[in-house]
Amino acid sequence: MSPTRRDFLKTISAATLSLAGGGGNALFGLLPGIDLYPHAGDPALKELAARALDAARAAGASYADVRFTLTRLEGLRIPSVHSYQHTADQEFAGVGVRALVDGAWGFASSTLWTADEVARLATEAAVQAKHNAAAGRRRVELGPPPAPANGEWQTPIRRDPFTVPLAEKIETGWAFVELASRYNIGARNANLGATLDTTWERQERTFASTDGAFTSQTVYRVTPSYRLSVQRPRGTGRRSSDLLRPRAGGWEVLAEAPLRDEVPRLVEEAFLMTEAERIVPDRYDVVIDARLMTQLVALTIGTATELDRILGYEANAGGTSYIASPIDQAEPYAFDTGLLNVRANRSQPDGLATVRWDDEGVEPEEYDVVRDGVVVDYHTTRELSTELAAWHGRHGLPNRSRGCAAGEDALAVTMLQPPNLEMLPGADATTFDELVAGVKKGLAICAGTVTVDRQQLNGEINGELVYEIRDGKVVGTVHSSEALFRAPELWRSLKGIGGRGSEYRAGITVRKGQPEQVCHFSVGAVPALFEKVAVTNKLRKA
Amino acid sequence: MRYKSWYQSSRITLATLWATGALACAAATAAAQSPNPMANRDFSGYNPGRCVAAARLIERVNRFDHNDTSAYHPASDTLFTATVASIRGCEAAYVGTPIGTDELLDQARVQLFTAQDEAAIASARQRLGTMASRTPEERGWELYLIVTDYLAAKPARIDEARKALAELDAIGKSVGGIRVLAHFAMASAAIRNWDDELMRAEVDALVKIWTELDAETKRWRYFWMLTSLTNLAAAEAAADRTDLALAAIERLLALIPANDTRALQMYRAIERTYRLTGQKAAPLEAKFWYNTGSTGTTRPAPGRVSLILPLFRPCDEVGNCRELVQAARRIAHEFQGQDLDITFRIRTFGFYADTAPAPPLAEARYDSTYFLGQLRIPGALAVEETKFSFKPDGRRVNEPTTDDLNYLRARVVLVDRHGVIRYVAEGWNPVFEDRLREFIRKLLAEPAGGAKANIE
Amino acid sequence: MSSIFSRLSRSTWSLFTPDRFLSADACQELLARIIGMSPSGWEISLHIESRWSGNLRWARNAITTAGDTTEPRVTITVHHRNRSANFKINRLDDASIRSALAHISRRLELQAPSDIPFALRSAEDYIQTELWSDATYQLDAAQRAALQRQLVGSAEAEQLLSAGYLEVSAIGNGVVNSAGLFAYLPETRAEFSVTVRDPSGTGSGWAGVASKDWRDIDAARLSAIALDKCKRSIDPVAIEPGRYTVILEPQAVSDLMRPLISSLSRVPAEMGMGPWADRPEQTAQTDFLPDDSISLAATVSSGGGGNSKIGQLVLDPRITISADPADPEGPFVPFAPDGSPNRAVKWIENGVLRELSYPRSYANQMLNKPDPLNNSGAYRMSGGDTTIEEMIARTERGLLVTRLTNVRVVDLNSLLCTGTTSDGLWLIERGEITRPVKNFRFRESPLFAFNSLEALGKPVRVLQPMPAIVPPAMVHDFSMTSLADAV
């Protein structure tokens with residue numbers, strides 16, 4: 001606007017961070033000290049970490065760990081070809097210290113990365129732990145320490161979204177949104193529109209523990225969604241992109257998405273939904289597409305096999321699990337279907353829960369969670385793993401943490417968060433269409449949402465695109481359908497799954513803990529056929 | 001432009017590198033590692049067609065940051081040339097990047113921007129060529145896009161658009177709904193290009209096609225039919241052919257189904273407004289007058305030509321209020337020293353955001369400072385006081401002012417020396433500025449005194 | 001008066017230990033620093049939510065984690081030449097602020113200006129309210145841990161498993177801007193909830209509440225209630241779904257009301273969308289153009305031209321839903337992040353819809369008002385004199401519901417919701433609780449339910465993110481659609 005502003009901008013863009021001047025007072029937020037906030041991998045953080053751990057030990061901790069996080073988040077919504085708006089724009093820092101004294105935890109966190117502050121947090125955490133230990137009802141056992149974790153890691157990306165100019169983000173979005181308005185609908189009477197919503201996150205994490213760990217990791221996550229609507233005289237149909245879904249990655253996730261190839265299909269499917277008939281409540285054989293299966297697997301298996309939930313540690317918050325505790329059960333939990341195999345990992349390159357080391361310095365490995373329909377392992381952290389010592393021993397499994405310790409950021413306490421999951425494809429190369437072809441009377445449900453109750457037991461499936469199947473063929477679409485299920489019965493009714501080539505992986509977000517934390521993880525799944533599922537009209541009352 | 005210079009510099013750098021082969025070498029090595037050597041760079045994934053998305057943003061920034069004279073030089077730049085220069089830079093950076101067949105129309109749009117008409121026509125032809133095996137209706141939609149792209153170009157490529165439109169028409173009844181849209185675009189372009197014959201022909205064609213549509217498509221395209229006739233009426237009125245304007249409204253009223261009471265009400269009111277032409281103009285009644293000069297507050301003044309215009313608050317960067325004021329300045333300049341009065345009307349609102357209700361005088365003073373002091377409107381300012389009441393749920397309802405009752409929906413009014421209304425319009429359309437100036441010239445040439453008004 | 005006093009005493013205290021959240025002076029200094037780093041011509045507004053919280057979590061009768069967090073969250077909003085952009089940070093050093101300002105500046109460059117007039121607020125006409133409690137602020141880790149030991153004693157004695165959460169927090173809420181507005185109010189909040197389950201996993205009871213003052217929370221009593229509910233809910237039987245007379249405890253009423261409270265918005269209603277739209281054909285004013293003293297784009301903010309149901313009876317006449325920042329049982333911050341006041345408002349009075357929230361532009365253009373009507377999410381629902389015991393005695397056949405979880409809206413126009421009952425569901429027959437029953441999935445709308453009202457009890461504070469004071473309610477024909485036998 002004026003030279004003043006241009007000069008200002010020049011100064012900003014060329015700015016090197018400068019240290020604060022001397023002086024300043026001791027009031028909160030104005031402490032002198034490090035003005036230059038280091039990024040992951042900076043030696044300054046190692047010093048700070050050492051300070052924190054020393055202070056914790058001095059205050060009596062037998063174990064302590066400290067995390068530093070710097071989280072940059074930007075959200076952009078593109079509702080039309082002429083507008084855009086930011087839904088989020090922020091950068092948050094945190095440092096958190098956990099201390100274990102006499103078998104009890106204490107935790108303290110703040111946003112100030114100074115030597116005095118980290119020492120204060122460490123001392124505070126230790127003091128808390130002592131108070132908590134006084135009750136003596138439980139003794140946290142961490143088990144043997146993991147191999148010392150040292151090094152750096154970053155989500156493999158091609159381009160950091162936070163280095164992409166805003167203009168390019170907007171233009172890319174507008175190009176995607178215009179795909180809808182110029183889409184060739186022939187002579188049909190319809191108005192097409194699309195909204196693109198994207199959130200980019202970059203979290204730099206530094207972890208150090210009294211076990212000698214020091215790791216620096218940077219995680220990139222992107223949560224895009226592309227929602228297309230077709231407005232016709234008879235009503236509006238909506239469909240969202242299968243390609244653009246939450247995953248770890250950089251700018252290329254959005255920019256290189258072949259959305260152009262997908263839009264025609266989305267448009268035609270949205271057209272079909274405008275012609276939908278109302279669902280007739282009944283029991284149907286249901287084919288669920290891989291995308292919706294990711295949610296079903298996430299919520300009925302992924303979270304249900306979190307050991308803390310099973311043991312009742314989440315009872316007052318996220319709830320419990322219908323899967324019984326392995327500790328007091330003789331028989332493992334079985335889903336009564338040989339088709340279900342689920343593996344956990346934190347290594348899938350595009351997985352939202354993917355890291356090299358977890359927030360206890362453990363290097364997670366892949367492990368089976370469900371094999372041939374039987375629950376064979378659970379998600380654990382170090383202390384939860386020691387609770388399973390006997391059980392692991394009986395089943396020939398290594399008794400160590402499966403590496404699921406995570407906190408949303410350093411301000412939130414480390415807890416058990418779900419890892420990535422993969423529902424393994426079937427042995428044959430069955431496709432979604434082939435599953436449909438095998439159904440005499442049923443529904444095919446594509447995309448949508450799954451919700452479950454506090455025990456992950458009863459739930460509802462609401463499909464975005466629901467086809468009616470008769471004699472192996474799709475004969476139309478239905479609306480207002482809601483499939484009701486009870487997890488064990490649903491999995492028992494699993495009669496077919498997709499094979500190689502039918503996999504789909506997407507990010508899931510759940511909330512647990514008190515105070516509440518957000519958990520991000522990715523689930524890969526294949527389409528599946530379930531028999532005799534109860535499907536109701538979601539608008540119908542008793 | 002700040003934006004342009006940044007854009008240009010990065011684009012030109014890449015284009016130069018590309019040309020010198022420096023990038024090509026890097027590309028060759030990189031290609032061995034990854035399929036897209038441009039992947040890590042700014043704007044990777046762009047191709048010449050994608051520059052049309054960039055064009056939108058550049059246009060927008062240029063439009064709203066025109067004040068930034070440190071980057072935009074009024075002597076040599078116009079908003080348009082600055083935009084075009086940026087697009088050229090973008091295109092040049094990506095020449096040679098492969099483009100998909102469904103991006104050919106985007107490429108054509110960019111080529112129209114940069115005045116490569118032959119290339120644009122070829123791109124469009126190429127696209128149609130790829131659709132040979134598609135249904136006629138799908139080819140029709142593509143032709144519609146081509147027609148509207150030609151017409152949206154600056155300047156509009158009317159001849160090429162007409163060719164494409166003829167091809168679309170040839171497909172026939174099955175693409176009636178699409179043809180209505182295309183003829184609408186053509187009629188609007190004709191108005192902008194002062195081609196009255198084309199304008200009338202297009203509206204006739206549109207109405208004929210619309211009346212022959214099936215029921216569902218007729219409803220779907222109803223708004224376009226109504227608006228095409230409304231626009232036709234406005235254009236005829238601006239050229240001093242109010243009889244033809246009224247004929248268009250009559251046509252429209254005959255096409256509205258009897259049960260669409262809302263539309264009937266609205267268009268009958270529009271008709272009544274057009275019928276004000278030929279009647280004696282009622283004196284403007286404002287509560288406060290500013291800058292009335294020697295003419296005084298009796299407006300329209302006898303013996304003088306009067307142009308009455310609306311004003312809005314705010315009147316700067318959005319909407320066409322600023323364009324209205326600029327046009328008024330041009331008009332005032334052209335007719336300086338002649339018997340033309342320009343009067344701007346605005347109503348008080350009665351309330352200012354963030355403060356207590358504003359008394360009318362305070363608002364009027366604000367308006368006079370803003371419009372006369374800052375914007376320097378070239379005419380008198382008439383501030384009418386708005387009286388309002390409240391609905392039970394608290395929403396205010398404005399009462400019509402005396403001028404509302406006298407002038408109905410007319411916001412732009414032209415009155416001749418005898419005090420007879422000769423032109424009315426509901427709003428300011430920048431496209432009609434030149435017609436209006438012709439009209440004013442004509443009215444000023446008419447002798448004063450003697451002739452009586454025709455009261456219909 | 002007391003808030004000024006506690007502000008003074010805190011700033012003296014801070015000389016000896018760093019304050020756990022930003023004081024009023026610190027907020028002022030922060031604004032001055034940020035203005036100093038910004039180009040002239042920028043109008044700057046800060047929303048400060050500087051938070052300290054301490055918590056304690058236990059499960060299986062033993063403490064699992066405890067935490068203490070301090071975080072100063074600041075949203076910097078800049079207005080310049082009819083454009084605006086904001087950025088959030090939680091570190092207040094020069095580098096972080098400069099970085100935030102740089103992000104904002106880049107965003108302002110590309111933005112199109114808005115045509116809706118805007119001016120930073122400078123008037124500070126906020127309701128006086130007291131949100132502070134020293135007792136909450138001073139409940140330190142040692143006390144919390146000691147408390148927990150007492151609370152789980154009875155559950156342990158009966159071989160039941162108690163899981164719970166206790167949180168105390170203090171927030172320095174501030175809105176300061178370069179037009180001179182200075183609004184600051186410190187607030188405390190205490191939250192307590194406990195779930196008691198039996199080891200066989202068939203019974204579960206819950207109780208919880210929030211308050212600004214820890215002393216209002218009778219943790220022992222709540223633990224006893226949860227324990228009692230757990231014991232009485234062991235081994236539930238399945239009964240048929242259908243329409244039941246239900247007695248909803250206050251927590252359940254607030255769970256069902258939440259979607260209603262967040263739907264109280266004027267503009268969508270006047271556009272014909274949502275539960276508050278009055279849908280008959282609107283009459284258009286066609287002889288005269290709409291008031292064009294405001295530009296066309298601005299009229300979009302003036303609502304859809306249709307009518308809302310304001311003035312109509314929408315709920316049972318015994319129900320009044322109001323919100324007041326100075327409500328003694330549920331006070332809340334009297335200003336919103338943009339500095340506009342949170343006024344005392346009656347949304348629904350004696351069943352009649354009186355107000356719906358609206359943004360500033362709507363207020364200016366349609367109502368001749370300077371400020372938006374904000375919906376903070378806090379509310380008080382009127383009650384009656386019928387106790388829960390009396391309601392039970394009056395029930396021939398019905399259900400007693402502790403709470404509703406996973407409540408989500410299925411149809412916005414009717415506010416039809418679905419979700420599940422949990423943590424205690426009992427069958428009532430001939431005026432008495434006879435046995436615990438398995439949880440249900442329900443499909444019901446608060447609009448229907450509170451038009452089928454039999455009786456209301458005395459309103460009490462419940463546990464929701466924002467203060468809610470809500471009575472127990474007896475409602476007939478509540479739709480329980482299928483069994484959802486989770487515990």
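Two exercises with worked solutions follow, on the contact between chains A and C and on the two domains of chain A.

The model is predicted, so that local features need pLDDT of at least 70 and side-chain atom pairs count only at pLDDT 80 or more, while totals for chains, interfaces and linings use all residues. Residues are numbered from 1 along each chain as its sequence is written, chains are lettered from A in the order in which they are written, and side-chain values use heavy atoms, with hydrogens and water left out.

**Exercise 1.** Describe the contact between chain A and chain C.

*Solution.* Begin with the residues: chain A brings 77 and chain C brings 91, where contact means heavy atoms within 4.5 Å. Next take the buried area, the accessible area (1.4 Å probe) that two parts lose on being put together, summed over both; here this is about 7100 Å², with 53% from carbon and sulfur atoms. Then count the salt bridges (a side-chain nitrogen of Lys or Arg within 4 Å of a carboxyl oxygen of Asp or Glu), of which there are ten between chain A and chain C. One of the salt bridges joins A:Lys541 to C:Glu444, at 2.6 Å from N to O.

**Exercise 2.** Describe how domain 1 and domain 2 of chain A meet.

*Solution.* First set the bounds, which come from an automatic or database domain assignment: domain 1 spans 5–274 and domain 2 spans 277–537. The C-alpha centres of these domains lie 25 Å apart, and the contact takes 53 residues from domain 1 and 39 residues from domain 2. Finally, the rule finds seven salt bridges across this interface; A:Arg291 and A:Asp242 also form a salt bridge, with their closest N and O atoms 2.4 Å apart.
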